[in-house]
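Have a look at the sequence and the 3D view below before reading on. The notes after it are meant for someone meeting this structure for the first time.

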Amino acid sequence: MTTEMITTRAEQGTEELILAIETSCDETSAAIVRGGREVLSNIVSSQIATHQQFGGVVPEIASRQHVESITRITEQAVRKAGISLRDISAVAVTQGPGLVGALLVGIVAAKSLAMALSVPLIGTHHIAGHIYANALVHELEYPLLALVASGGHTELVLLEREGEFRIIGRTRDDAVGEAYDKVARSLKLSYPGGPHIDRLAQQADRATPLPRSWLESDSYDFSFSGLKSAVLAVINQHGMKGLTLDEPALARGFQESVIEVLTEKAIRAARSAGVRQLLLCGGVAANSGLRQALAERCDAEGIPLLVPPLSLCSDNAAMIAAAAHLKWQRGQFTELDMKGDPGLSLEDWSVSRHRES
């Protein structure tokens, strides 16, 4: 398939049909999206029930389940969209970051489809997908700031223009989702921990006092390891003294600490950068406490807040198609020798950094 053939297909119109595949962690997903905005189908198969017994994702098991599910999920996506594979304009797939074995399952499937259909392949950044999930339901206005909060990532990403990513803050240790899972495990709650902590916190009529990690005064970085240690210290102190632990109060104290730091740093960065919108994205964007607190602060500051629906917060293939649309518009496609890249740089994936292979 020559570059000339690919460019001609891309120039035929903006209403392309992208078949996207997402297998970066423990969800197997396939979607069909038209024109980067219209979701015709978005099928997600979760492995939560499998990994709960282990208290977290087991990479080898995740990869095997992706192998078992990928063909069926892709067929369901095509069937639900009411199209034929011959209608597909391009195949997009998560190239990274993620679990390398899981990524490879999706990549092999995507390469096979792209070759069989003689259509372009678009290797896509997972976090770009989370950010552009908002584009499936909102009009984006630049410059904008994205607060990415998920199981593996906590970042503040500035986009001065479409498809241009600059990370201005990131976690120095645990991602916020990891912190939720570890605190939930210490309270003997099942995986994933975020929803359980969120529900438990809502039951409390008080909050256990816990520290806030602000780091340097001018830093937009995050750190949650100290907060996690503080929670464990409270649990251990109660255990040693034979005292009854107020679990809802501890969950609320933990959640309030996390939310305050995420919210205040995001607002401070948004004010400093003069953005027109603040986007909340990633799996932790489903947290009701975070959504409410950020909405209240944005309203007070006069900063429009965009949050995707719950169905687009967790890992899904529609968001991968939305991000891949950025590359489709510019005819920036990926060679078939692409490899899974667990450390793929978001900034290097920017549309201006594209290089012909």
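## Before you start

This is a predicted model, so to speak of a local feature takes a pLDDT of at least 70, side-chain atom pairs count only at pLDDT 80 or more, and totals for chains, interfaces and linings use all residues. Residues are numbered from 1 along each chain as its sequence is written, and side-chain values use heavy atoms, with hydrogens and water left out.

## A helix with a kink

Let's begin with helix 3, which covers residues 59-81. Helices here are DSSP runs of H or I with at least four residues, strands are runs of E with at least two, and both are numbered from the N terminus. Helix 3 has 23 residues and reaches 30 Å from its first C-alpha to its last, close to the 33 Å expected at 1.5 Å a residue; that expected span is 1.5 Å times one less than the number of residues. Where is the kink in helix 3 centred? Look at S69, where the helix bends by about 45°, the bend being the angle between axes fitted to the seven residues ending there and the seven starting there.

S69 is also one of the buried residues of helix 3, along with others including I61, H66, I73 and A81. Buried means under 20% relative accessible area, exposed means over 50%, and partly exposed is in between (1.4 Å probe, protein chains only). The buried residues pack against strand 1, strand 2, strand 3, helix 2 and helix 4.

Is strand 7 (residues 154-159) enclosed or open? Six of its six residues are buried, so strand 7 is largely enclosed by the rest of the structure. In a regular strand, side chains alternate between the two faces of the sheet. Here both faces are covered, with T154, L156 and L158 buried on one side and E155, V157 and L159 buried on the other.

Strand 6 (residues 144-149) runs antiparallel to strand 7, joined to it by six bridges; strands count as paired if DSSP finds at least two bridges between them. L144 has L159 as its bridge partner, and a hairpin of four residues connects the two strands. Strand 7 also pairs with strand 8, again antiparallel, over four bridges, and E155 partners R170 there. Six residues sit between strand 7 and strand 8 in their hairpin, among them G163, with a positive phi of about 75°.

R166 belongs to strand 8 and counts as partly exposed because its relative accessibility is 42%. Leaving aside neighbours within four places in sequence, R166 is in contact (heavy atoms within 4.5 Å) with L156, V157, L158, E160 and E347.

## Charged pairs

The structure holds 16 salt bridges, each a side-chain nitrogen of Lys or Arg within 4 Å of a carboxyl oxygen of Asp or Glu. One of them joins R276 and E141, with the closest N and O atoms 3.2 Å apart. This pair links parts of the chain 135 residues apart.

D174 takes part in salt bridges with K182 and K228, each at 3.1 Å, N to O. K228 lies in helix 8 and D174 in the loop between strand 8 and helix 6, so that pair ties together parts 54 residues apart in sequence. Both K228 and D174 are buried, while K182 is partly exposed at 29% relative accessibility. Elsewhere, E264, R271, R297 and E301 are linked in a network of salt bridges.
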